[in-house]
Amino acid sequence: IGYMSTGRISNLNISQCRVYGKAFIGGLVGSTSYVTINNCSVSGEVVGMAEVGGIVGRHSAGHIANCFFNGNIISRFEFPDDLIVGYAGGICGTPSSDAIMNCYVVSEIGSNGRYSGIIAGSGHNANSVSNCYYKQYNTELTVAGESTPTSGISSFDGSGTAWTLKTPVYVNNAFRTDLLEVLNAWVDANNADGNYSHWTIDAENQNGGFPVLVKPTFIAVKNC
């Protein structure tokens, strides 16, 4: 999807995608306004010059919750005087405030522009990212390139289907260190309306052993 205004995207799994463009490039949507994105996953490669994200390139007035990206993000420019280059993030290049919640990223992010982050390229404030987790490959990157979120953020490590947070995160009345447990604890605490899917182990090894969303009604798109 290039651009979407007002609506919701839920329960969508896109695997082995390759998305290339110049600006507002996302594995799921390039640019959004007043859109809610829940229970979505993307794997593959997303390449652009400006505002590049694994799920969304630019996300305005809405949230991204309970999603993950597993793949590569590349933000490159050709001309040094191009001032809009950069803003690359594993979930979103440029999110709105309070935008990204209970997501995780397994990604190598390459950028020669400004403001690149493991979760978000540009965090308009410290609340743009909360309760999010990441497998650290780019040790020089912060969580959000333009700010430093502090609410329930941790890297994780492990092997097989067991992934442990390096920093315990307090969710649903307890400190938690297991990635699968902390993702499901957030769902339990925020699921009064039934909008969020629970997570499970990657028993079929379709996601490198990292947690996957329980998907009884999911739409799957492969090799896009």
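Predicted model: local features only at pLDDT ≥ 70, side-chain atom pairs only at ≥ 80, totals over all residues.
Q: How many strands does the secondary structure of the protein come to?
A: The protein has 224 residues, of which 55% count as buried. Its secondary structure includes one helix, and the strands come to 20.

Q: Is Lys135 buried or exposed?
A: Lys135 lies in strand E13, which covers residues 129-135. A residue is called buried when its relative accessible area is under 20%. Because the relative accessibility of Lys135 is 13%, this residue counts as buried.

Q: Which side chain is joined to that of Lys135 by a polar contact of 3.3 Å?
A: Leaving aside residues up to four places away in sequence, Lys135 touches Val105, Val106, Ser107, Phe156, Asp157, Trp163 and Phe210. The polar contact of 3.3 Å joins the side chain of Lys135 to the side chain of Asp157.

Q: Is Asn207 buried or exposed?
A: Asn207 is found in the loop between strand E18 (199-200) and strand E19 (212-213). The cut-off for a buried residue is a relative accessible area under 20%. Since Asn207 has a relative accessibility of 8%, it counts as buried.

Q: With which side chain does the side chain of Asn207 make a polar contact?
A: When residues up to four places away in sequence are not counted, Asn207 touches Phe68, Asn70, Tyr104, Asp202 and Val212. The polar contact, at 3.0 Å, is made between the side chain of Asn207 and the side chain of Tyr104.

Q: How many Å apart in space are Asn207 and Ser15, C-alpha to C-alpha?
A: In sequence, Asn207 and Ser15 are 192 residues apart. In space, their C-alpha to C-alpha separation is 9.3 Å.

How values were computed. Residues numbered from 1 in each chain as written. Heavy atoms only, no water. Helix = DSSP H or I, 4+ residues; strand = E, 2+ residues; numbered from the N terminus. Buried < 20%, exposed > 50% of the residue type's maximum accessible area, 1.4 Å probe, protein only. Polar contact = N/O pair within 3.5 Å; in protein donor to acceptor, adjacent residues only side chain to side chain. Contact = heavy atoms within 4.5 Å.
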